[in-house]
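Let's take a walk through some ring pairs and a helix. Have the viewer open and follow along.

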Amino acid sequence: MRRPRGFYFWTLIIMVLVAVAIGYLGPPPDPPNGECRRALTRQRMLYVADAVKDFVADCGVPEGERQLLSVLLDDSGDECWTGPYLNERPIDGWGNLVRCSFAEGSVRIVSAGPDGIFGTQDDISDTLSVPDELTRERGDTRIRSKGTSE
């Protein structure tokens, strides 16, 4: 049985059209400046900030300098602990762990940014100011954000 004339040509044309349609319907690529990844990182940092607020509301302000991620994820042995406050370790838009620490009345949440190295100019950070008078008995859960910097 013979194939009609132009069969391969029209098959090729249809395949190209399907490929172009799939390209338009697929997810858009991340812009070269990585703004989608930055937005995702900021969103996850807000998630961590909410968890910190819940922890401070339950247990009060931690004493001294302390790494908070382990306390937010695992029972610290404190009677007040009602967590876990986070379901999983927070990961930024580039697949790196987000750091969270408490020192001198504030909570600092930091992403290493696109280069994956902490302490460089492209880090994304947020600092939450915890009022000194915050105690579990008062139930005052106000934590003020000092803003996000890059």
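F9 counts as partly exposed at 48% relative accessibility, while W10 is exposed, with a relative accessible area of 54%. Here buried means under 20% relative accessible area, exposed over 50% and partly exposed in between (1.4 Å probe, protein chains only).

This is a predicted model, where local features need pLDDT of at least 70, side-chain atom pairs count only at pLDDT 80 or more, and totals for chains, interfaces and linings use all residues. Residues are numbered from 1 along each chain as its sequence is written, and side-chain values use heavy atoms, leaving out hydrogens and water.

## Ring pairs

There are three aromatic pairs in the structure. F9 and W10 make one of them, edge-to-face, at 5.2 Å centre to centre with 75° between the planes. Rings of Phe, Tyr and Trp (its six-membered ring) pair if their centres lie within 6.5 Å; planes under 30 degrees apart are stacked, over 60 edge-to-face and the rest tilted.

W81 and Y85 also pair edge-to-face, 5.8 Å centre to centre and 90° between the planes.

## Helix 2

F55 is also one of the buried residues of helix 2, a list that includes R38, M45 and C59. Helices (H or I, at least four residues) are DSSP runs, numbered from the N terminus. Just after helix 2, G60 takes a positive phi of about 80°.

How values were computed. Helix = DSSP H or I, 4+ residues; strand = E, 2+ residues; numbered from the N terminus.
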